[in-house]
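Here is a short report on charged side chains and nonpolar cores. Keep the structure in view as you read.

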Amino acid sequence: MPTMAPYSDPSSCQLLLAIGTADYLHMIQVKSIQFSRQLTRQRGVANEYTSSRLLVVAVFKVHPLELVACLSVDRKIFGGDIQDASLNQDVLVVAHSTGYYRMYSLPWIIKHYSVVKATLGEWVELGGTRAGVMGFGVPLTLNITERPPLLFEVRSGSELGVSFGGSPTVYLYNPSPKDNSVFFLRSLQSGKLVAKFSTDTVAFHQDVVDFHHDDYLRIMHISGSTVSCYQLVEEGVVKLYTTDFRSLSKRKEIVINACLMYLPTSVNKMPIAKL
């Protein structure tokens, strides 16, 4: 069962989660590489700020392209055991080595930790750089000085983490570290269990189970060359279809071979490229 954190300020609850909005559909995120924990030295001086930084995440709004925020995920702020971080539907998801995934509100972080507004192609007040221009890069627009309020945390048994979808929003995760084929769906607003289902997951490799980005509560399961699609309905989760792209490729090759039988001899002897 996920742990829901109490809100200390009721007036800011609407900023913590923008449930029911679709602004995230018009946004993209760009993540940097993960920085090493070892101290780096610049001109003989240890740079601890760089060593404690895990990665940098930049959020852009498309049509037109606009920088929303650029933030650093720091081990000193979010914990020394963090392994990864990403953004999903206005929620900053931080993964820990203990298997926990902790959620923080991006709108809340932007409101409280914004230090500068940067417009792509223009000079930034702080730092003397041009945002998004080659040679300057994207400047940090947020300075997170302490850990933001925790929305909630959940422990996922697999490396798939937590996925969000639908409106009102639900989230998907694997609750058991011993069975990577069982998944729970819970309401993001209340934490109530909405549905649970099982996939045909092979135990010896990690599959991909995630919401389809069309926001219609469809769940995609990718296992090797097989893709299955599930749908969350009132009765639970139902499987819509399964496609084996390996067999599909073989059918295409059979069709091409059959067509080449009717071509002239000089053409028929040409090698066939497998699809």
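Arginine 102 is buried, with a relative accessible area of 18%. Buried means under 20% relative accessible area, exposed means over 50%, and partly exposed lies in between (1.4 Å probe, protein chains only). This is a predicted model: local features need pLDDT of at least 70, side-chain atom pairs count only at pLDDT 80 or more, and totals for chains, interfaces and linings use all residues. Residues are numbered from 1 along each chain as its sequence is written, and side-chain values use heavy atoms, with hydrogens and water left out.

**Salt bridges**

A salt bridge is a side-chain nitrogen of Lys or Arg within 4 Å of a carboxyl oxygen of Asp or Glu. By this rule there are 2 salt bridges.

| Pair | Closest N and O atoms |
|---|---|
| Glutamate 153 and arginine 102 | 2.7 Å |
| Lysine 31 and aspartate 84 | 3.0 Å |

Take glutamate 153 and arginine 102. Glutamate 153 lies in strand E10 (residues 152–155) and arginine 102 in strand E9 (residues 100–105), so the pair ties together parts 51 residues apart in sequence. Strands (E, at least two residues) and helices (H or I, at least four) are DSSP runs, numbered from the N terminus. Glutamate 153 counts as buried, at 15% relative accessibility.

Now take lysine 31 and aspartate 84. This pair links distant parts of the chain: lysine 31 is in strand E2 (residues 27–31), aspartate 84 in strand E7, 53 residues apart. Lysine 31 is partly exposed, at 34% relative accessibility. Aspartate 84 is partly exposed too, at 29%.

**A buried arginine without a bridge**

Arginine 186 lies in strand E13 (residues 182–187). Arginine 186 is buried yet has no salt bridge. Which side chain of opposite charge is nearest to it? It is glutamate 153, 13 Å away. Lys and Arg count as positive, Asp and Glu as negative; His and the chain ends are not counted. A polar atom of the arginine 186 side chain lies 3.1 Å from the backbone oxygen of glycine 191.

**Nonpolar cores**

A nonpolar core is a set of buried Ala, Val, Leu, Ile, Met, Phe, Trp, Tyr and Cys residues joined through side-chain atoms within 4.5 Å. The largest has 21 residues. Those with the most contacts inside it are Val73, Phe78, Leu92, Val94, Ile109 and Ile144. Elements giving two or more residues to this core include strand E7 (82–88), strand E8 (91–96) and helix H4 (106–113). Apart from this core lies another, of 14 residues, among them Val91, Val93, Val154 and Val162.

Note on methods. Polar contact = N/O pair within 3.5 Å; in protein donor to acceptor, adjacent residues only side chain to side chain.
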